[in-house]
Amino acid sequence: MAQPTFLSSLRSRFRSTQPQLPHLQPRRGYHVELGAREKALLEEDAALKRFKSYKNSVKQVSKIGNVLTLVVVAACSYEIVALATSTQ
């Protein structure tokens, strides 16, 4: 049984218009040795040493902030409950 010509032309048109996926490649490749500029940028700079934050002090300030936040939330919750029970 012969196929109608419009079906065969339609099939060939769909086959030719399928999008071709580009070959995805990583930007830098697999392992590329650092150049002189990158190595110079990664070296420690003595001029910036005094601005360096210390992990222990940052952790301590973070913990103090967390405790203060909990205290404020607890106080607000207490006030809301106290107001709700006193008006009844």
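## Overall fold

The protein's secondary structure comes to three helices and zero strands, taking helices (H or I, at least four residues) and strands (E, at least two) as DSSP runs numbered from the N terminus. Reading from that end, the order is α-α-α. Keep in mind that this is a predicted model, where local features need pLDDT of at least 70, side-chain atom pairs count only at pLDDT 80 or more, and totals for chains use all residues. Residues are numbered from 1 along each chain, and side-chain values use heavy atoms, without hydrogens and water.

## Surface

Of the 88 residues, 0% count as buried, meaning under 20% relative accessible area (1.4 Å probe, protein chains only). The protein exposes about 9400 Å² by the Shrake-Rupley method, with carbon and sulfur atoms supplying 62% of that area.

## Helix α3

Helix α3 has 32 residues and reaches 46 Å from its first C-alpha to its last, close to the 46 Å expected at 1.5 Å a residue (1.5 Å times one less than the number of residues).

Lys 63 sits in α3, which covers residues 55-86. Lys 63 is exposed, at 60% relative accessible area, where exposed means over 50%.

Notes
Areas by Shrake-Rupley, 256 points an atom, 1.4 Å probe, with all protein chains shown as cover.
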